[in-house]
Amino acid sequence: MKLSVRNLSYSYDGQRVLEKLNMDVKTGEFVSILGPSGCGKSTFLNILAGMLKPETGSVQVDGQEIHGVTPHFAYMPQSDLLFPWLTILDNVCLYGKVQKLGKDFRERAAANFEAFGLAGYENAYPRQLSGGMRQRAAFLRTAMCTADILLLDEPFGALDVITRADMQNWLQEKRAALGRTTVLVTHDIDEAIYLSDRILMMDGSPAGFQKEIVLPEENRDRDWLFSKNELRREIYNLLKEHRYD
């Protein structure tokens, strides 16, 4: 589904945070939003998810204006938010339980565990999983929602650099299979370049989109990133070599 934002503004405690934002994301497109800390990136995502109401402007899906929380969006925050007293399969199936979708939903969720690198951990608890596996479980829970648009708020931000790279590689491989329109908020420039079709640069005080960067497909490759900075490659390889020391 196509996502459109028109002249969206938002104020907090009387101070304008977002100012007349306009954005179009095509069906199946992956767009990242980069900007300084505190400029309003997460606030913008919360408005799209329906958790905050814009002061002015509109959010549209396929040309239809929407209001509040809708089934069009699935939102994944930085923290995995897995319930520690539930198994991984039960955590993944929370949407199906809330929507009373029954046994079929649970079977479909379990069938995705192998593709998400979680096979054999259906009955494990979050404390028994690594950080990367927990994030994959949280991502599977998000993907199991019927929403056509994924909103990702720094989903890999709490991971170490190697695990984060592993998750980026995994998401890059899963993009085509997921087939979802995606908006990612990130502070990581490499992550945005590696994963995105386009990057929208957000400024601050109040925030707006100051620049759009279109990424050629050949640039969405980690070797291409390393080729631009051999020191980055060296540091990355050293970290990877000693990750379990």
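Which residues point one way from β7, and which the other way? I149, L151 and D153 point one way, L150 and L152 point the other way, and all are buried (under 20% relative accessible area with a 1.4 Å probe, protein chains only). In a regular strand the side chains alternate between the two faces of the sheet.

This is a predicted model: local features need pLDDT of at least 70, side-chain atom pairs count only at pLDDT 80 or more, and totals for chains, interfaces and linings use all residues. Residues are numbered from 1 along each chain as its sequence is written, and side-chain values use heavy atoms, with hydrogens and water left out.

**Strand β7 and its partners**
- Strands (E, at least two residues) and helices (H or I, at least four) are DSSP runs, numbered from the N terminus.
- Five of the five residues of β7 (residues 149-153) are buried, so the strand is largely enclosed by the rest of the structure.
- β6 and β7 run parallel, joined by four bridges; two strands pair if DSSP finds at least two bridges between them.
- M76 stands opposite L152 in β7.
- On to strand β8 (residues 181-185), β7 runs parallel over five bridges.
- I149 has T181 in β8 as its bridge partner.
- A right-handed β-α-β unit is made by β7, helix α6 (residues 161-178) and β8. Right-handed is said of a path that runs clockwise from the first strand over the helix to the second, with the strands pointing away from the viewer.

**Helix α5**
- Among the buried residues are M133, F139, L140 and R141.

**The β1 hairpin**
- Strand β1 (residues 3-12) and strand β2 (residues 15-25) pair in the antiparallel sense over seven bridges.
- S11 stands opposite R16 in β2.
- Two residues lie between the strands of this hairpin, and D13 in the turn has a positive phi of about 55°.
- β1 is also joined to strand β4 (residues 56-61), antiparallel, by five bridges.

**The largest pocket**
- About 300 Å³ of space lies in the largest pocket. A pocket is an open set of points on a 1 Å grid over the protein atoms alone, where a 1.4 Å probe fits, with protein on both sides within 12 Å along at least five of seven lines. Its volume is the space filled by probe spheres set on the points.
- Of its 15 lining residues (an atom within 4 Å of a point), Y75, L94, Y95, R141 and C145 lie nearest the centre.

Notes
Buried < 20%, exposed > 50% of the residue type's maximum accessible area, 1.4 Å probe, protein only.
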